[in-house]
Each structure stands twice: as structure tokens, then as C-alpha cells.
Amino acid sequence: MGYPCRAFFHDKTYLAVLSAVEVASDENKGPEYHISISKQVIGLRTQRCSSEEARWVLEQFALDGAEEDNHVPSGMVRNFWRPVATGLIGMECRCKAEEPAIVEDKGDFTWRAAPPSR
């Protein structure tokens, strides 16, 4: 991941979580909590968790106000970010205004591709 992280696995829900504090070089938010959530069902490929499951994980980590921001085409991991500085919570990533959003899973998952090069 590029930063120290901790991994967690919930054996009743099969949810796998990576937790780290990172600094995105293209943002002015300073350090941010980064939570990555996927579903790891034994014998199956990695699966995407639902929005409801993701909300449950964010509650467990007390990350109210975390923003989902995914950049992997058809990715199976949901990524959530929240600034460490409480005054910056709720400030959206610039990419949301600049990059086209692709919606999958009947509106339950959104990711953004880099804008086309000019």
C-alpha cells in the first residue's frame, strides 16, 4: 500500500479490511484515514461488499463522514477516506468534479476513471 497498514478479517461476514493513515499527494487534506473493504468468501474470488456492509465497517472504525472514492475499473474493493483533521471532514476529493463517474451494481458502486487525455 505504500504506508503501514493493519488487516482485519470478520469470519462471520467474510469482510476483509485494510486500515491505514495516508497522505494523498494530489490533495490538500493532510493525513487521511483510508479503509479498504472487500469480501473474501472461502473458495470464491474476492467479492465487492454492499453499501450496507461498508456502512457497518465504517461504524466499527468510528469513521462517520468518510467519503467513498474508488479508482479501479470494476474493482472489488471499496475505498473510504476521511481526513484526520476534523475541520476538513466532508471536503470532497477534487476528482469527483473532474473525472467521469461509472456506476455499477444497480447504483450501489461508483468508480471514477481518469479523464481522457487531451
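These legends describe close-up views of a predicted model.

**View 1. Strand S3 pairs with strand S2.** Strand S3 covers residues 32-39. Strand S2 covers residues 15-22. The two pair in the antiparallel sense, over eight bridges. S3 is mostly covered, with seven of its eight residues buried.

**View 2. Strand S3 also meets strand S5.** Strand S5 spans residues 78-83. S3 and S5 run antiparallel and are joined by six bridges. Here isoleucine 37 stands opposite arginine 78 in S5.

**View 3. Phenylalanine 8 and phenylalanine 61 form an aromatic pair.** The structure holds one such pair. Its geometry is edge-to-face: the centres are 5.4 Å apart and the planes lie at 80°. The pair links distant parts of the chain, 53 residues apart. Phenylalanine 8 sits in strand S1. Phenylalanine 61 sits in the loop between helix H1 (51-60) and strand S4 (67-68). Phenylalanine 8 is partly exposed, at 35% relative accessible area. Phenylalanine 61 is also partly exposed, at 29%.

**View 4. Phe9, Tyr14 and Ile42 form a nonpolar surface patch.** Together they have about 340 Å² of accessible area. Phenylalanine 9 belongs to strand S1, residues 5-10. Its relative accessible area is 46%, so phenylalanine 9 counts as partly exposed.

**View 5. Arginine 48 lies over a ring.** The ring is that of phenylalanine 109. Arginine 48 lies over its face, at 3.7 Å from the ring centre.

Conventions: Residues are numbered from 1 along each chain as its sequence is written. This is a predicted model: local features need pLDDT of at least 70, side-chain atom pairs count only at pLDDT 80 or more; totals for chains, interfaces and linings use all residues. Side-chain values use heavy atoms; hydrogens and water are left out. Patches are made of residues with over 30% relative accessible area and no salt bridge: like charges are joined within 9 Å, nonpolar side chains (Val, Leu, Ile, Met, Phe, Trp, Tyr) within 5 Å. Accessible areas come from the Shrake-Rupley method with a 1.4 Å probe; for residues, only the protein chains shown count as cover. A salt bridge is a side-chain nitrogen of Lys or Arg within 4 Å of a carboxyl oxygen of Asp or Glu. Helices (H or I, at least four residues) and strands (E, at least two) are DSSP runs, numbered from the N terminus. Buried means under 20% relative accessible area, exposed over 50%, partly exposed in between (1.4 Å probe, protein chains only). Two strands pair if DSSP finds at least two bridges between them. Rings of Phe, Tyr and Trp (its six-membered ring) pair if their centres lie within 6.5 Å; planes under 30 degrees apart count as stacked, over 60 as edge-to-face and the rest as tilted. A charge sits over a ring if NZ of Lys or CZ of Arg is within 6 Å of the ring centre and within 35 degrees of the ring normal.
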